[in-house]
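Have your viewer ready and follow along, one topic at a time.

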Amino acid sequence: MAGEIRPELAALRERLARTLDGERAEALHKRHEKGNRSARENLADLVDEGTFLEYGQLAVAAQRSRRDYRELQSATAADGIITGTATINGTVIPAERARAAVVVNDYAVLAGTQGYFHHHKLDRICELAEEHGLPVVMYTEGGGGRPGDTDVAIQIAGLNLRSFRAWAGLSGKVLRIAVNNGYCFAGNAALFGCADFTIATRNSWIGMAGPAMIEGGGMGVVDAKAIGPAEEQVRNGVIDILAEDEADATRLARQLLSYFQGPVADWHCADQGALRDMIPEDRRWAYPVRRVIETLADEGSFLELRRVYGRSIITGFIRLEGRPLALIANDCQQLGGAVDSEASEKAARFLQICNNFGLPVLSLTDTPGFMVGPASEKAAAVRRMSSLFVTGASLTVPLVAIFLRKGYGLGAMAMTAGSFAAPVYAAAWPTGEFGGMGLEGAVRLGYRKELEAVEDPAEREALFNKLVAQLYEMGKATEAASFLEIDAVIDPAATREVVLAALRSAGA
């Protein structure tokens with residue numbers, strides 16, 4: 001009869017319903033009771049409505065030999081991992097650029113552990129992402145490998161699986177964003193750490209082994225919340241962006257992905273005239289460079305990564321007239337802007353990822369050079385700082401350098417892809433100053449005998465200041481431009497148009 005649902009279709013609908021939150025009330029209640037969202041709630045918040053195409057929804061844990069099959073269909077829905085494709089940010093990005101793959105580990109299924117079919121689903125979506133060039137957003141909450149899949153009788157250790165190699169193998173091919181809330185241990189932590197960018201909530205604990213593995217290894221009983229708490233992993237640089245909760249983390253994932261999806265049409269910016277007064281008249285004073293960034297960028301477009309790790313270099317993303325750019329900037333309020341070992345590695349990795357996916361770079365430079373001294377060398381400065389030169393030399397995307405103030409020594413060169421000649425355009429604000437090393441150090445080193453010959457401390461200080469002033473006049477921005485060491489000196493208020501014109505000239 002017309003309008004009647006055939007039995008097989010009704011049975012399918014009933015079976016699919018068992019995988020959804022409506023049929024998993026107890027699991028959903030437990031998530032909400034702890035202030036967390038379900039896997040499918042996170043999924044719905046991430047993707048554009050009606051665009052998700054799911055793979056492997058009917059999978060269950062490989063435990064049919066020890067548990068009731070109908071119970072498995074709900075209790076181990078989708079074998080603890082939701083995978084599929086969708087569009088993300090499709091309301092502001094054209095649909096062809098909004099395509100993405102999505103992986104959501106479901107902690108409500110066997111503590112988010114990775115089982116036999118779970119791995120097969122992950123392998124499948126990684127293959128699809130590589131084949132079709134889809135960026136991947138993965139929610140990683142979970143406890144690692146699962147020992148209870150008794151249906152699998154054709155393996156011993158199960159270490160010949162492909163998942164970790166497949167996920168890591170996407171590096172440089174498609175963008176990978178990992179999002180975490182809650183416990184993320186062992187295999188799940190390995191997936192988190194392999195991602196290009198990592199977002200985690202304050203309610204996260206991330207470690208390469210959970211309590212059971214630690215105890216089993218004879219290392220004692222450890223509380224799960226003592227293993228890799230978020231505040232610790234932020235300081236370690238393991239977490240790129242710290243989110244308040246899952247809703248905030250999901251919002252940040254969408255925003256982060258958007259920079260790699262291309263330009264947006266709707267943008268606004270602050271009055272650029274304010275940039276003219278942001279550098280203090282006294283060259284010895286520090287200033288908040290994030291104010292410069294936020295004024296220069298489209299309103300609300302600045303997203304910073306690893307804020308408390310490698311603090312003397314800021315890394316992140318901005319938009320100019322809707323166009324996405326990678327950004328590196330010296331923070332003169334941290335170490336005077338000197339580039340230390342952590343900051344070097346942080347910036348090098350960031351630039352490498354952005355280069356892989358064709359994102360042009362803006363460098364806002366204000367540095368006295370690399371951080372020096374015995375403590376710096378104990379931090380492996382030679383190796384770690386050199387990584388910034390290696391990455392800079394391999395950049396294929398255009399880099400525009402704007403010198404806000406100081407451009408001294410090897411550190412300044414590292415901020416500009418290894419040479420002032422490397423940027424497609426290198427310009428300074430009128431406050432720019434340049435030299436082979438910081439002016440004060442240059443005077444102390446180059447005029448040591450003259451200074452030592454002056455016995456009176458006050459006279460010696462006066463001579464020192466006079467020599468510094470002379471070197472400043474010799475190395476100020478207009479002089480550097482006159483010797484063609486930089487391309488131009490510009491009005492700070494014209495920075496946006498200069499950067500965009502330089503990118504257009506580079507065909508980017």
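Helix α2 covers residues 25–33, and its buried members include A27, L28 and R31. Those three span an arc of only 100° around the axis, so they sit on the same side of α2. Please keep in mind that this is a predicted model.

**Helix α2 and its surroundings**
- An α-helix has 3.6 residues a turn, so residues three or four places apart point the same way.
- On the face turned away from the buried side of α2, you will find the exposed residues A25, E26 and E33.
- The buried residues of α2 pack against three elements: α3 (39–46), β5 (176–185) and α10 (246–259).

**Helix α12**
- Buried residues in α12 include S341, A343, S344, K346, A347 and A348. Further along, F350, L351, I353, C354 and N355 are buried too.
- After α12 comes G358, with a positive phi near 75°.

**Aromatic rings**
- The structure contains 13 aromatic pairs.
- In one of them, the ring centres of F403 and F420 are 4.8 Å apart with their planes at 55°, so this pair counts as tilted; planes over 60 degrees apart would have made a pair edge-to-face.
- This pair links distant parts of the chain, 17 residues apart: F403 belongs to strand β12 (residues 399–408), while F420 is in the loop between α15 (409–415) and β13 (425–428).
- Both F403 and F420 are buried.
- F350, a buried residue of α12, belongs to one aromatic cluster together with F197, Y259, F260, F317 and F357.
- R176 lies over the face of W167, at 5.4 Å from the ring centre.

**A proline in a loop**
- P94 is found in the loop between β2 (81–87) and β3 (99–105).
- Its relative accessible area is 31%, so P94 is partly exposed.
- P94 and P263 are 169 residues apart along the chain, yet their C-alpha atoms are separated by 9.7 Å.

Notes:
Residues are numbered from 1 along each chain as its sequence is written. This is a predicted model: local features need pLDDT of at least 70, side-chain atom pairs count only at pLDDT 80 or more; totals for chains, interfaces and linings use all residues. Side-chain values use heavy atoms; hydrogens and water are left out. Buried means under 20% relative accessible area, exposed over 50%, partly exposed in between (1.4 Å probe, protein chains only). Helices (H or I, at least four residues) and strands (E, at least two) are DSSP runs, numbered from the N terminus. Rings of Phe, Tyr and Trp (its six-membered ring) pair if their centres lie within 6.5 Å; planes under 30 degrees apart count as stacked, over 60 as edge-to-face and the rest as tilted. A charge sits over a ring if NZ of Lys or CZ of Arg is within 6 Å of the ring centre and within 35 degrees of the ring normal. The arc is that of the directions from the helix axis to the C-beta atoms. Contact means heavy atoms within 4.5 Å.
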